[in-house]
Amino acid sequence: MSSAPLASVLFVCVHNAGRSQMAAGFLHHLAGDRIEVRSAGSVPGDQVNPAAVEAMKEVGIDISAATPKILTTEAVQASDYVITMGCGDACPIFPGKKYLDWALEDPAGKGVESVRPIRDEIRTRIEALIAEIDAQRG
């Protein structure tokens, strides 16, 4: 049995500090090494949103060591799925990639109470994404 990942997923939001970091955390936690995970931002922030870190910690996922990264053409080219969250027009388009745009509220400047519903919506979408990847590639 091959140890190569079934797919590679890139999550992109503006600052790579909230939504994309939570999505990457959930995908890595729920899929393990079966799916390669990347995240990036079109204008990366200085740090991951502390409310996002706290909200994820509440569900047993530690994203405190994550750092915002700049979106690169290479990251898009290396990914099978490109999931944008509020910055789709900043993302380069390449044939053969599956592009999804998840309309999710931006957690920037919000407290953990306001981030929890965003976190929970992301988890629901990640679970559906994993099921789709498993069905197509597994």
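Start with strand 1, residues 7–13. Ala7, Val9, Phe11 and Cys13 point one way from strand 1, and Ser8, Leu10 and Val12 point the other way. Every one of these residues is buried, where buried means under 20% relative accessible area, exposed over 50%, and partly exposed in between, with a 1.4 Å probe and protein chains only. That makes seven of seven residues in strand 1, so the strand is mostly covered.

A word on the source. This is a predicted model, in which local features need pLDDT of at least 70 and side-chain atom pairs count only at pLDDT 80 or more, while totals for chains, interfaces and linings use all residues. Residues are numbered from 1 along each chain as its sequence is written, and side-chain values use heavy atoms, with hydrogens and water left out. Helices (H or I, at least four residues) and strands (E, at least two) are DSSP runs, numbered from the N terminus.

Now the sheet. In what order do the four strands of the open sheet stand? The order is 2-1-3-4, with parallel pairing. Two strands pair if DSSP finds at least two bridges between them. Which strands stand at the edges? Strand 2, residues 35–41, and strand 4 do. Each has a single partner strand, so one side of each is left without a neighbour in the sheet. Neighbouring strands are turned by 20° against each other on average, direction ignored. For angles in general, axes are lines fitted to C-alpha atoms, for helices over the stretch in contact, and angles run from 0 to 180 degrees between N-to-C directions.

Go through the pairs. Strand 1 and strand 2 are parallel, with seven bridges. Leu10 stands opposite Arg38 of strand 2. Strand 1 and strand 3 also run parallel, joined by four bridges. Here Phe11 faces Ile83, and Val12 has Thr84 as its bridge partner. Strand 3 then pairs with strand 4, residues 98–101, in the parallel sense over four bridges. In that pair, Ile83 stands opposite Leu100.

Strand 3 covers residues 81–84. Tyr81 and Ile83 point one way, Val82 and Thr84 the other. All of them are buried.

Next, the helices. Helix 1 lies across strand 1 and strand 2, and runs at about 170° to strand 2. The loop between strand 1 and helix 1, residues 19–31, holds Asn16. Asn16 has a positive phi of about 50°, although it is not a glycine. Is Asn16 buried or exposed? At 0% relative accessibility, Asn16 counts as buried.

Helix 1 also packs on helix 4, at an angle of about 45° and with axes 9 Å apart. The two helices are therefore oblique to each other. The cut-offs: under 35 degrees is roughly parallel, over 145 roughly antiparallel, 65 to 115 roughly perpendicular, and the rest oblique. The crossing of helix 1 and helix 4 is right-handed. A crossing is left-handed if the near helix is turned anticlockwise from the far one by less than a right angle, and right-handed if clockwise. Contact means heavy atoms within 4.5 Å. On the helix 1 side, contact residues include Met22, Phe26 and Leu30. On the helix 4 side, they include Ile118, Ile122 and Ile126. By class, this contact has eleven nonpolar, no polar and four charged residues. The classes: Ala, Val, Leu, Ile, Met, Phe, Trp, Tyr, Cys and Pro count as nonpolar, Asp, Glu, Lys and Arg as charged, and the others, Gly among them, as polar.

Helix 2, residues 50–58, packs on helix 4, residues 112–137. The angle is about 60°, with the axes 9 Å apart. Helix 2 and helix 4 are therefore oblique too. Their crossing is right-handed. Helix 2 makes the contact with Ala51, Ala52, Glu54, Ala55, Met56 and Glu58. Helix 4 makes it with Val112, Val115, Arg116 and Arg119. The class count is six nonpolar, no polar and four charged residues.

Last stop, Asp134. Asp134 is in helix 4. At 27% relative accessibility, Asp134 counts as partly exposed. Which residues does Asp134 contact, leaving aside its neighbours within four places in sequence? Leu6 and Arg34. Asp134 and Glu121 are 13 residues apart in sequence and 20 Å apart in space, C-alpha to C-alpha.
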